[in-house]
Amino acid sequence: MNMVNTNENCLLVGNVNNILEAHEIDVILKNEFLQGGNGELSSLDTWPELWVLKDSDYDSATSVIENSLSKDSDPE
């Protein structure tokens, strides 16, 4: 397994999760409910993390993420 995305905002990680699942890439979301431990745990350790289950999907997942997040949201 390889981590492909993390952010302090669980909605942004959830969005990337949905994008990868739409491209039929198997992922798992870790630390989804750990933000309540912020303060007793390091802040970075409580961020939600998105992991690709198959190592062979890592390159395609990072490519999908990069292409999806870099698209211009203002259509011409």
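These legends describe close-up views of a predicted model.

**View A. A nonpolar surface patch contains M1, I28 and L53.** M1 counts as partly exposed because its relative accessibility is 42%, between the 20% limit for buried and the 50% limit for exposed.

**View B. K30 lies over the face of W51.** The distance to the ring centre is 4.4 Å. Aromatic pairs are a separate matter: the structure holds 0 of them.

**View C. N5 is a buried residue of strand β1.** Its relative accessible area is 15%. N5 is classed as buried because this value is under 20%. Which residues does N5 touch, not counting those up to four places away in sequence? The contacts are V13, V16, P48, E49 and L50.

**View D. E24 has a positive phi without being a glycine.** The angle is about 60 degrees. E24 is found in the loop between α1 (10-22) and β2 (27-30). Is E24 buried or exposed? E24 is exposed, because its relative accessible area of 72% is over 50%.

**View E. N31 is a residue other than glycine with a positive phi.** Phi of N31 is near 60 degrees. The residue belongs to the loop between β2 and β3, and β3 covers 49-52.

How values were computed. Residues numbered from 1 in each chain as written. Predicted model: local features only at pLDDT ≥ 70, side-chain atom pairs only at ≥ 80, totals over all residues. Heavy atoms only, no water. Patch = residues over 30% accessible without salt bridge, like charges linked within 9 Å, V, L, I, M, F, W, Y side chains within 5 Å. Areas by Shrake-Rupley, 256 points an atom, 1.4 Å probe, with all protein chains shown as cover. Salt bridge = Lys/Arg side-chain N within 4 Å of Asp/Glu carboxyl O. Buried < 20%, exposed > 50% of the residue type's maximum accessible area, 1.4 Å probe, protein only. Phe/Tyr/Trp six-rings, centres within 6.5 Å; stacked < 30°, edge-to-face > 60°. Lys NZ or Arg CZ within 6 Å of the ring centre and 35° of its normal. Helix = DSSP H or I, 4+ residues; strand = E, 2+ residues; numbered from the N terminus. Contact = heavy atoms within 4.5 Å.
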